[in-house]
Amino acid sequence: MGYDDPTMLPDGESDGRRPTELASEAEESRQIQAMSKVVCQAALETFAGLRPAHQMERWLAPSVYEKIVARADLVAHMRAGGGSHSARLQFLSVRPCRVRPGIWEVSVVFADARRVRACALRLKAHRRRWQVTAMEMG
């Protein structure tokens with residue numbers, strides 16, 4: 001697939017079709033913060049074996065989805081018989097930054113019962129919804 005395919009855009013570009021065309025920057029920021037929390041929660045639930053990875057597929061770009069699946073498989077192999085824990089999170093900080101129209105970067109700091117962690121996300125407007133195109137969790 002090349003750049004002529006509307007589903008494949010060069011890195012750093014959005015298709016410009018924002019979820020809410022008339023949303024203010026503040027409203028988009030609220031949408032981005034909410035989605036970032038959901039994606040972090042869902043990722044940890046996937047790693048804990050509480051959620052199948054395919055439930056996250058519609059929110060994630062293919063490369064991010066593949067990373068989530070690979071990490072979930074690795075964690076499941078390491079956990080083998082060790083059980084899973086609930087991944088109930090307390091969000092300590094969610095900081096969105098608009099890079100340009102239709103593209104946001106977010107840093108999320110959260111705590112579960114065991115430790116404090118951070119996640120960095122990049123979201124782009126894609127087909128009238130937000131899609132995570134990059135994600136790093138520590």
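This is a predicted model: local features need pLDDT of at least 70, side-chain atom pairs count only at pLDDT 80 or more; totals for chains, interfaces and linings use all residues.
A salt bridge here is a side-chain nitrogen of Lys or Arg within 4 Å of a carboxyl oxygen of Asp or Glu. The structure holds five of them.

Residues are numbered from 1 along each chain as its sequence is written, and side-chain values use heavy atoms, with hydrogens and water left out.

Start with the elements. The chain has two helices and four strands. Their order from the N terminus is α-α-β-β-β-β. Helices (H or I, at least four residues) and strands (E, at least two) are DSSP runs, numbered from the N terminus.

Next, the surface. The chain exposes about 8000 Å², an accessible area from the Shrake-Rupley method with a 1.4 Å probe, where for residues only the protein chains shown count as cover. Carbon and sulfur atoms supply 52% of that area. Of the 138 residues in the chain, 39% are buried. Buried means under 20% relative accessible area, exposed means over 50%, and partly exposed lies in between (1.4 Å probe, protein chains only).

Contacts reach along the sequence. A contact means heavy atoms within 4.5 Å. Take the contacts between residues at least 6 apart in sequence: 52% of them join residues at least 24 apart.

Now the sheet. Its four strands stand in the order β1-β2-β3-β4, the sheet is open, and the pairing is antiparallel. Two strands pair if DSSP finds at least two bridges between them. β1 (90-100) and β4 are the edge strands, each pairing on one side only. From one strand to the next, the twist averages 20°.

Walk across the sheet from β1. β1 and β2 run antiparallel and are joined by nine bridges. V94 stands opposite V108 in β2. Helix α1 (residues 25-47) packs on the sheet and touches β1, β2, β3 and β4. The direction of α1 makes about 55° with that of β4. Axes are lines fitted to C-alpha atoms, for helices over the stretch in contact, and angles run from 0 to 180 degrees between N-to-C directions.

Then comes the β2-β3 pair. Strand β2 (residues 103-111) and β3 are antiparallel, with nine bridges between them. Here F110 has R117 in β3 as its bridge partner. A hairpin of four residues leads from β2 to β3. Strand β3 (residues 116-126) is mostly covered, with eight of its 11 residues buried.

The last pair is β3 with strand β4 (residues 129-137), antiparallel over eight bridges. L121 has its bridge partner in β4, namely M135. The hairpin between β3 and β4 has two residues. In this turn, R127 has a positive phi of about 55°.

Back to the salt bridges. E136 and K67 meet through their side chains at 2.7 Å, N to O. E136 lies in strand β4 and K67 in helix α2 (residues 62-79), so the pair ties together parts that are 69 residues apart in sequence. E136 is exposed at 52% relative accessibility, while K67 is partly exposed at 43%.

E105 forms a salt bridge with R122, and their closest N and O atoms are 2.2 Å apart. E105 is in strand β2 and R122 in strand β3, so this pair ties together parts that are 17 residues apart in sequence. E105 counts as partly exposed at 35% relative accessibility. R122 is buried, at 15%.

The side chains of R51 and E45 also form a salt bridge, at 2.8 Å from N to O. R51 is partly exposed at 22% relative accessibility, and E45 is buried at 18%.

What about the cysteines? A disulfide is a covalent bond between the sulfur atoms of two cysteines. The test used here is a pair of cysteine sulfur atoms within 2.5 Å. A search of the whole structure finds zero disulfides. C40 itself is buried, at 0% relative accessibility. C97, by contrast, is partly exposed at 45%.
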